[in-house]
Amino acid sequence: MSSLNHPILEQSFAIIDQEIGEHNFSPAEYAIVRRVIHSTADFEFKHLIRFSPGAIPAAITALQQGVPIVTDVAMVEKGVAGMVAKTFNNPVICAVDAAGVALTGKTRTETGLLECWQKFPQAIFVFGNAPTALLALCTELKLAPVSPALVIGAPVGFVSVVESKAVLAQTPVPQIRVAGRKGGSPVASAILNGLIVLAWENANG
């Protein structure tokens with residue numbers, strides 16, 4: 001929808017369309033992959049992004065219903081705030097800001113994430129930075145009577161990152177994740193922004 005995408009963004013998308021090559025993504029999946037490639041200039045994400053069955057429809061429904069969005073860090077929160085404000089105005093909560101002090105043996109992001117999980121278990125959870133917080137959520141999900149609308153698993157780095165994504169992959173929750181060490185706040189934001197555009201287009205014909 002042109003009202004949500006800047007003309008330069010549309011030009012970038014056209015270049016990506018020319019260079020992407022063959023793929024097996026559905027149109028909705030490709031809309032998200034293309035946005036991630038735009039945010040990173042890295043075509044390897046074509047091979048790294050994984051969608052669980054039904055993840056995109058579940059996310060679209062949740063966004064249209066105004067469910068809260070919980071981000072691990074402020075960079076992801078800032079990366080999606082503009083698109084949220086232009087569309088469904090979902091509450092956006094940053095986990096690291098939700099924790100006054102860290103629980104013993106946990107980071108502030110883990111602590112805040114667990115607090116957000118208690119308050120908003122059916123939220124959309126977005127991870128671009130904190131693999132320990134993603135692991136903490138996956139641990140909670142094993143015993144949970146309710147499930148998040150979606151988990152976006154895209155932490156970046158070398159410690160616990162690959163492991164956290166592997167644990168998420170084994171969790172029967174709607175999810176979009178980035179395999180391997182790559183990811184980051186811009187990637188996580190791009191995935192959610194792509195979903196918001198899809199949800200907005202769906203709601204507005």
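**Notebook: a mixed sheet and its helices**

I began with strand β5 (residues 150-153), which pairs with β6 in the parallel sense over three bridges; two strands count as paired if DSSP finds at least two bridges between them. Strands here are DSSP runs of E with at least two residues, helices are runs of H or I with at least four residues, and both are numbered from the N terminus. From β5 the chain crosses through helix α9 (residues 161-169) to β6, and I noted this β-α-β crossover as right-handed: with the strands pointing away from the viewer, the path from the first strand over the helix to the second runs clockwise.

Before going on I wrote down that this is a predicted model, in which local features need pLDDT of at least 70 and side-chain atom pairs count only at pLDDT 80 or more, while totals for chains, interfaces and linings use all residues. Residues are numbered from 1 along each chain as its sequence is written, and side-chain values use heavy atoms, with hydrogens and water left out.

**The sheet**

I then looked up the strand order, and found six strands forming an open sheet in the order β1-β6-β5-β4-β2-β3, with mixed pairing. The edge strands are β1 and β3 (92-94), each of which pairs on one side only. From one strand to the next the twist averages 15 degrees.

At the β1 end, three bridges join strand β1 (residues 49-51) to β6, and these two strands run antiparallel. Across this pair I found Phe51 opposite Ile176 and Ile49 opposite Val178.

**Faces of the strands**

Which residues of strand β6 (residues 175-178) are buried on each side? Gln175 and Arg177 are buried on one side, and Ile176 and Val178 on the other; buried means under 20% relative accessible area, exposed over 50% and partly exposed in between, with a 1.4 Å probe and protein chains only. In β4 I likewise found both faces covered, with Ile124 and Val126 buried on one side and Phe125 and Phe127 on the other. In β5, Leu150 and Ile152 point one way and Val151 and Gly153 the other way, and all are buried.

**Cores**

The largest nonpolar core has 48 residues, and those with the most contacts inside it are Leu63, Ile124, Ile176, Ile191, Leu192 and Leu195. I took such a core as a set of buried Ala, Val, Leu, Ile, Met, Phe, Trp, Tyr and Cys residues joined through side-chain atoms within 4.5 Å. Helix α10 (residues 185-203) gives the most to this core, with eleven residues. Apart from it lies another core, of 18 residues, among them Phe125, Cys138, Val151 and Leu168.

For Leu195 I listed the contacts, which means heavy atoms within 4.5 Å: not counting residues up to four places away in sequence, Leu195 touches Ile32, Ile56, Ala59, Ile60, Leu63, Leu150, Ile152 and Ile176.

How do the axes of helix α4 (residues 55-64) and α10 cross? They come within 9 Å and cross at roughly 70 degrees, where axes are lines fitted to C-alpha atoms, for helices over the stretch in contact, and angles run from 0 to 180 degrees between N-to-C directions. That makes α4 roughly perpendicular to α10, since angles of 65 to 115 degrees count as such, those under 35 as roughly parallel, those over 145 as roughly antiparallel and the rest as oblique. From α4 the contact involves Ile56, Ala59, Ile60, Leu63 and Gln64, and from α10 the residues include Leu192, Leu195 and Ile196.

My last entry is Ser189, which is found in helix α10 and counts as buried because its relative accessibility is 5%. Not counting residues up to four places away in sequence, Ser189 touches Met75, Val76, Gly79 and Val80.
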